[in-house]
Each structure stands twice: as C-alpha cells, then as structure tokens.
Amino acid sequence: MDLTLVGQGLLSGFLFGGVYSLMAVGLTLIFGVMRVVNFAHGDMMVWGMYLAWLLSARAGIDPYVGFLACAAALFLFGLLIQRGLVERIVDAPHEMQILLMLGVALVLENVALVAFGPDPARVRSPLSQATVWIGPIFIDVARLVTFGLAMALTAALWLFLARTDLGRSMRAAADNPYGARVIGTDVRKVYAAAFGVGAACVGAAGALVSPILPFQPTSGLGLSVTSFNIVIIGGMGSLPGAFVGGILVSVAESMGAVFLSPSMKELVSFGLLIAILLFRPAGLFGKTAG
Amino acid sequence: MSLLDVSGLTKRFGGLLAVGSLDLSMAKGEMLGLIGPNGAGKTTVFNLLSGFLSPDEGEIRFDGRNVVGLKPHQICRLGMARTFQIVRPFPQLSVVDNVKVAALARHPAMAHALESARAVVERVGLGARAGALAGGLTLADRKRLELARALATEPSLLLLDEVMAGLNATEIEAMVRLVTTINAGGISVLLIEHNMRAVMALSHRIVVLSFGEKISSGTPREVAADRRVIEAYLGEEYVHPPQA
Amino acid sequence: MKLLLLLAVVVLAALPWFVGSYLITVMIFIFFYAYLGQAWNIVGGYAGQLSAGHAAFVGIGGYAAALLSAHAGLSPWLGMWIGGGLAALLGAVIGYLGFRFGLRGFYFVLLTVAFAEICRVIALNVDAVGGALGLYITFTGNPRQFQFQDNRAYYYVALALMLGATAAVRAIETHRFGAYLTAIRQDESACEALGIDTLRVKMQAMVLSSFLTGVGGTFYAFYLFSLQPNAVFGIPLSVEIIIRPIVGGAGTVMGPILGSFILSPLAEISRSYFAQGGWNGLHLIVYGVLLIAVVLFLPQGAYPALRRLLRGRPA
C-alpha cells in the first residue's frame with residue numbers, strides 16, 4: 001500500500017473534516033436546543049454554496065470573504081423558517097417535524113434546480129489552484145484556508161455559547177427546556193436564534209467548501225445524510241461530539257475512497273451509520289437512554 | 001399453591017438499589033396492598049412483575065410458572081395485567097375501541113372482542129361515555145378506562161398502580177367500590193396506593209416498602225401500628241411523639 | 001358510500017374506451033402510485049413507522065423480475081412473486097434491526113434511508129446488474145412477459161393492483177391486525193401491557209408492505225422498460241411513494257388513492273406547463289409546499305378532513 005497515498009488521504013480527510021464539523025455543529029445545535037431534526041440541513045448548505053457562487057460570479061467577491069455574507073443570509077433564512085414554520089410544530093409528533101423539514105428540503109433543492117440548473121457548478125478562488133508541499137504530501141492551499149476558517153468559526157460559536165447571555169440561554173434550553181422557560185427565558189427567541197445560528201453555520205460551511213468541490217442542487221441529500229451520520233456518531237445534541245465526529249467521518253470517508261473505490265465510499269458512511277444506530281445510538285458523547 | 005410467589009427479587013440501577021431481595025406472595029382471590037413512601041420502589045416492582053424490567057436477581061412465579069425473562073405481552077397472556085401510574089389511553093380511539101384492543105387478546109374475532117369490550121365498559125361504569133374519544137375524558141374516567149382495558153384481557157391477577165391518584169373523595173369512593181367488586185368476582189388484586197384510607201379499606205394484607213426493602217407486612221391493622229412503618233413515612237420523631 | 005365507490009370503479013373500468021392515450025397514461029401513474037402508497041400505508045400509515053426508503057423494495061422487485069426474465073427466461077408473472085419475496089426479505093431485515101433495537105421516529109427513518117442508499121450504490125457499481133447504465137428490457141409486446149401492445153392493458157393491470165391493495169388494507173382495518181396496528185401507532189408500551197406482541201405485529205406490517213411494494217417493482221420495470229439505479233432506488237421515488245398517502249391521509253383506506261388523484265395531476269400540470277426552461281424540479285417544489293401545508297394545516301391528511309366536511313361535523 002502506497003503510504004504517501006494513505007498519508008495524503010488522511011491529511012485531506014482531516015482538513016475537510018473542518019467543514020464537516022462546522023456543518024454538524026449547526027445541526028446538533030438545532031437539535032440540542034429545539035429537539036427538531038433539520039432534514040433540510042444539506043439543502044441549506046447547498047444554498048450556501050450557490051450564494052457564494054453568485055457573489056463570486058456576479059460581484060467578484062472571493063468566497064473566503066463572501067462566506068460571512070452567506071452565513072448572514074442563511075441566518076436570516078433560518079430565523080424565517082423557524083418563526084414561520086418550525087415554531088408551529090415544536091410540540092407535534094416527531095413524524096410531523098420530519099415531514100415538514102422534508103418539505104422544506106424539497107422546496108430548497110428544486111428551487112435551486114430551477115434557478116441554477118442541474119449541472120455541477122464550481123467557484124473559482126485565486127487560491128483554488130495553489131498547492132503547498134510538505135515532504136511527499138501536497139496540500140491544496142484552498143483546503144488549508146477552508147479548514148482554518150471553519151475552525152475559526154467553530155471557535156467563535158463556542159465563545160458565543162459560553163460567554164454571551166443568548167448563548168447561555170441556548171445551552172440552558174438544550175439542557176432543560178422546561179426549566180429554561182420557568183426561569184423566564186424567552187424560549188421563542190432562543191429557538192429562533194438557535195435555528196438561525198445553525199443555518200448560519202451550514203451556510204458558511206457551504207461557502208467555504210464551494211472552491212474545493214463541485215456541487216449541484218441534488219448534493220443536498222448526501223450532505224444531509226452525512227450530517228446526520230456525524231451527529232449520530234458524535235451524539236445528538238453534543239457539540240464536542242459533532243466536532244469530533246466531523247473529523248472522524250471525513251477521515252473515514254477519505255480512507256474509504258483510498259482503499260475501496262471512490263464511489264463505494266458512501267457504503268462506508270452508511271454502514272457506519274447503521275452500525276451506530278443499532279449498537280450505540282447515543283453516539284460517542286451522547287447520554288445513553290436509561 | 002399461591003398465585004404469585006416472589007423471592008429474592010432485586011433490581012439495581014447503576015449504584016442505586018431500587019428493590020432489595022423482596023419476598024412476597026399472594027393467594028388466589030387476595031387483595032394485597034403495596035405501600036411505602038415515594039421512591040420506595042413500588043412501581044419498579046410492578047415493572048419487574050409485568051416484564052417491563054428484568055430483575056438482577058430473584059424469582060417470580062406466577063401460577064407456579066417462572067415468568068422472569070418473559071416479555072410483557074406474554075405475561076399479560078398468562079393472566080397478569082397491569083395499569084400504569086400515568087394512564088396511557090389510546091387518544092385517537094373511543095372508549096369502547098380502547099377496550100376492544102385489549103379484548104382482542106382473548107377474542108381474536110372483532111365482533112366478539114367488541115361484545116366483550118362493551119360488557120367491560122358497562123362493568124366499570126363508563127357505559128354512558130362508550131363512544132367518546134379517550135383523549136377527551138376526565139382523569140377519573142381515564143382511570144376507569146385504564147382499569148377496563150386491563151380487565152378486558154381477562155386476568156387472574158390485576159396490578160393497579162396508584163389508581164386513586166388525582167381523584168377527589170367521591171371518585172375515590174366509587175373506585176374503591178369498583179375494585180372491591182372486581183376482587184369479589186374472583187380476580188386477585190395487587191395494588192400500589194398512596195391513599196391510606198383506600199388501601200386500608202381494600203386490602204386483605206399489606207406489604208410496606210422503604211428504599212427498596214420490605215420493612216413490614218401483615219393485616220392493615222398490624223401494619224398501621226408497626227413503628228417501622230410510621231418511622232418510614234413520617235420520620236422517627238413520630239414514633240415517639242415529641243413532648244408538647 | 002359503498003354505492004358511490006362501486007360507481008367510481010365502474011367509471012374507471014369503462015374510462016379507457018372513452019379517453020385518449022395521454023389521459024390513460026396519466027391514470028396509469030395515478031393507479032400505480034396509489035398502489036405503492038397503499039402498500040406503504042400499511043407500515044407507514046397504520047403502524048406509524050415512517051419509512052423513507054421504500055424505493056429500495058421497488059428496485060429489488062423490479063431488478064429481480066427483470067434479471068430473471070432476461071437470464072432465466074422466467075415470466076415476470078412469476079418473477080413478480082420472487083421479486084416481492086426478496087423485497088419482503090429486505091423488509092424483514094430492516095424491520096427486525098429497527099424494531100428489535102428500538103429505533104423510533106427519526107432514527108428509523110434514517111435506517112430506512114441508509115438501506116435504500118446502500119442498495120442504490122450497490123446497483124450503481126455492480127456491473128452484473130447493469131451498473132450505472134441500469135437494465136433495459138427488450139420490448140416484445142408479449143403478454144406472457146408482462147408486456148402489452150395496448151396501453152389499456154397496463155391501465156387495467158394498474159387499476160387491479162390499486163384495487164387489490166385497497167381491498168387488502170380495508171380487510172386489515174376490519175380485522176384484529178388493523179386494530180393492533182392503530183393501537184401500536186398510538187402507544188406501544190400500552191399495547192405490550194395488553195398482550196400485544198408489538199415486535200411481531202410491526203414485523204408483519206413491514207414484511208407485507210415491502211412484499212407488495214416489491215411486486216409493484218415488476219410493474220414499474222415492465223411498464224417503463226428501464227431500471228436506473230438512481231431512479232428506482234433513489235429518494236425521489238421514496239418521496240413519490242410516501243407523499244400520496246401523507247397528503248391524502250395516512251392510516252386511512254382512501255388516503256393514498258385520494259392523495260394520488262390530487263398529486264399526480266398536479267405533477268403532470270407543473271411538469272408539462274412549465275416544461276420550457278423548467279426542468280423536472282417544479283413539480284417537486286409543489287410537493288414540498290404541499291407537504292409543508294399538510295403538516296401545518298391538515299396533519300391527518302385530506303381524506304379525514306373531507307370526510308368531516310361531508311358529514312357536516314366541526315373539525
């Protein structure tokens with residue numbers, strides 16, 4: 001086995017894991033605070049990608065700058081979705097929530113399809129072509145920057161949750177929704193913020209990925225499933241779990257691509273998902289049900 | 001041969017001893033009260049008996065047969081039925097349809113099950129509300145429904161978990177009458193209850209649990225006078241009342 | 001009510017002699033998707049186990065029948081049952097894993113999606129079953145090979161499937177199995193305490209549902225003459241399957257049929273009207289909006305609401 005290939009795959013997977021982590025953190029935040037599973041997560045990320053593409057193609061803004069705008073746009077979108085739709089079904093049976101978000105996913109994916117067409121798109125960044133060599137292994141500078149920015153965003157999110165009032169309210173609501181209400185937390189506001197922040201994470205993640213990978217409207221489903229994978233592996237509602245899980249899954253996929261054929265790497269993800277669902281649905285960091 | 005024979009029943013949750021080496025037996029036709037302060041492990045005992053939890057140690061013999069390891073539905077079929085402390089009606093079904101689901105266990109044909117269900121609904125006094133949706137019933141009626149469902153499985157032993165909880169005085173009296181009638185009809189009853197008057201009135205014998213262990217058993221009068229029971233419920237100072 | 005239904009069946013049976021080929025094709029899809037929806041309804045509607053991977057059963061059924069026909073010369077009329085059986089086997093595996101391990105709600109949905117996607121990826125990559133190109137069925141027009149020259153023959157087969165599945169669901173509803181399913185959907189633990197073997201009942205529902213869906217796969221294969229892994233195992237087909245009973249009324253006999261009569265024409269209209277520039281996407285936007293609307297305003301689906309309206313009772 002060609003060790004450089006393995007090493008390459010490991011590094012590449014690790015770096016890409018930054019994005020996966022950011023994506024998963026957004027999903028787990030929404031679930032942790034609101035107990036809602038965002039089936040439209042991957043499709044929101046795709047919209048992050050397309051927004052970055054628009055900014056780049058129409059306004060010449062580099063995605064590594066524009067990602068902030070994408071995050072903001074998705075934040076607003078998340079707020080809207082939460083206030084307009086999700087809020088109404090917070091207490092409904094889970095099946096209803098799933099179907100609602102599935103509906104949102106369908107709309108997002110197909111509006112993108114109608115607006116942007118089915119062909120894969122890619123965003124050009126001046127960094128896209130640059131590479132750096134470390135010994136026999138080369139790294140795309142773009143991947144490095146993506147990783148760095150994703151980590152920065154995750155750190156910022158962490159600070160937000162730990163230091164700000166709103167962030168602390170979110171964590172309180174995640175721990176004990178009823179208790180949070182009792183002490184006077186404006187739960188509606190916290191929910192809206194959580195959904196918004198979760199969407200912002202995934203919007204940023206999308207923008208940061210756009211220079212690295214081609215994407216199309218139908219990419220949404222795969223990204224949603226990957227997000228669920230990561231969040232389940234890491235533990236639903238656990239932020240450290242999502243973070244570690246993102247890197248883990250990315251590396252696993254990368255190794256899957258190295259050792260099996262690239263198209264079969266999805267089998268690795270799904271196989272892993274099934275195994276976790278069956279044997280440890282609480283995930284690595286989650287609490288096992290009593 | 002006794003109807004129910006429990007020996008050495010033990011259940012731990014992590015480091016917590018929920019039920020400790022419990023011995024218990026019931027004769028056919030008996031009404032046994034299971035009391036104890038909150039957290040004593042009473043509902044855990046029910047869960048162990050009915051198969052919702054498996055014991056770490058101990059034996060449970062129902063009608064001579066070892067039922068440890070059987071699933072709840074199997075135990076129900078053998079003749080031990082239970083109600084839940086927090087009632088669980090099927091909210092989208094009517095009262096009679098709720099009971100019909102239970103009756104189907106003994107009468108697979110829908111028509112017979114419906115007949116049987118109607119009879120049970122009358123028997124518990126819900127006849128007037130037979131067609132009402134279970135989701136819209138009052139608490140007292142929901143308790144009756146819970147009882148009716150368990151009855152419809154034609155048990156020989158009925159486990160009632162705090163069937164009086166949340167009821168007012170009149171409703172409690174009615175429920176006591178109902179349970180007495182059921183027991184008089186030949187069904188043995190094991191009941192968990194906090195309402196002391198009801199327990200004392202209904203039970204032939206009482207077992208008292210505290211922190212998972214049996215601290216007393218006997219007739220209602222014996223148990224009421226037992227200082228260990230008074231201590232468990234009210235604290236030590238009530239065994240020797242404080243000087244004024 | 002019964003008279004009305006009988007009349008409707010008579011009208012549907014007579015219809016092909018009065019309308020053109022395009023409308024017949026639309027009706028075929030209405031019937032076929034109603035059939036698939038009805039099959040899903042057993043486990044998704046009545047038992048309340050949301051499966052978003054039912055396309056896997058269509059795919060397995062279709063591929064099995066097609067391969068048996070091409071390589072073993074087995075008539076699809078027989079291959080249909082084998083395909084259904086294989087689909088039922090997968091259904092049993094998924095059901096057992098899901099139910100035995102206590103997966104509910106979101107986790108169960110994900111399990112079904114995972115299995116469907118695994119099937120899809122395998123079908124895409126294994127050349128022996130056609131790989132990325134999929135399978136093509138040679139047109140012979142031979143009824144023994146489940147092929148008909150006349151569109152109207154397919155119409156009657158599809159109609160028969162829909163009516164058959166509906167009759168099966170109606171029978172379930174009026175027997176113990178149906179009562180148990182409905183109860184399990186509402187409170188499983190209570191059911192266990194009442195002597196119901198919930199694992200067994202749910203397994204039966206899953207196996208029956210997947211079997212019927214697999215049988216439908218044969219119709220799919222021999223009506224469309226091609227099986228593409230992405231189309232026949234993919235999420236879009238699973239969505240098509242579940243949206244009709246959900247919009248029409250999950251857990252009701254008429255729900256999937258009503259849903260299909262609402263959704264298929266809608267899909268057709270949005271597909272053909274916005275064909276220029278539009279791409280396939282638009283009818284799925286409509287689906288998405290409908291799904292959202294149903295969840296928010298009519299969670300039980302159109303049929304129960306319609307029934308209340310017709311009987312004049314308040315909601």
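This is a predicted model: local features need pLDDT of at least 70, side-chain atom pairs count only at pLDDT 80 or more; totals for chains, interfaces and linings use all residues.
Residues are numbered from 1 along each chain as its sequence is written, and chains are lettered from A and ligands numbered from 1 in the order in which they are written.

The residue in question is Gly235(A), which comes after α9(A) and has a positive phi, near 110 degrees. Helices here are DSSP runs of H or I with at least four residues, strands are runs of E with at least two, and both are numbered from the N terminus. α9(A) is mostly covered, with 14 of its 16 residues buried, a residue being buried if 20 or more other C-beta atoms, placed from the backbone, lie within 10 Å of its own, exposed if 12 or fewer do, and partly exposed in between.

Chain A also meets chain C, where 34 residues of chain C are in contact with 33 residues of chain A; two residues are in contact if their C-beta atoms, placed from the backbone, lie within 7 Å. On the chain C side, α5 (105–125), α11 (235–248) and α14 (281–297) each supply at least two residues, and α5(C) provides the largest share, 13 residues. By class, this side of chain C consists of 28 nonpolar residues, five polar and one charged, where Ala, Val, Leu, Ile, Met, Phe, Trp, Tyr, Cys and Pro count as nonpolar, Asp, Glu, Lys and Arg as charged, and the others, Gly among them, as polar.

Chain C is also touched by chain B, through 19 residues of chain B and 15 residues of chain C. The elements of chain B that give two or more residues to this side are α2 (72–78) and α3 (95–103), and α2(B) gives the most, with four residues.

Within chain B, the domain assignment, which is automatic or taken from a database, gives domain 1 (1–79 + 155–244) and domain 2 (88–152). Their C-alpha centres lie 25 Å apart, and the contact takes 11 residues from domain 1 of chain B and nine residues from domain 2 of chain B.
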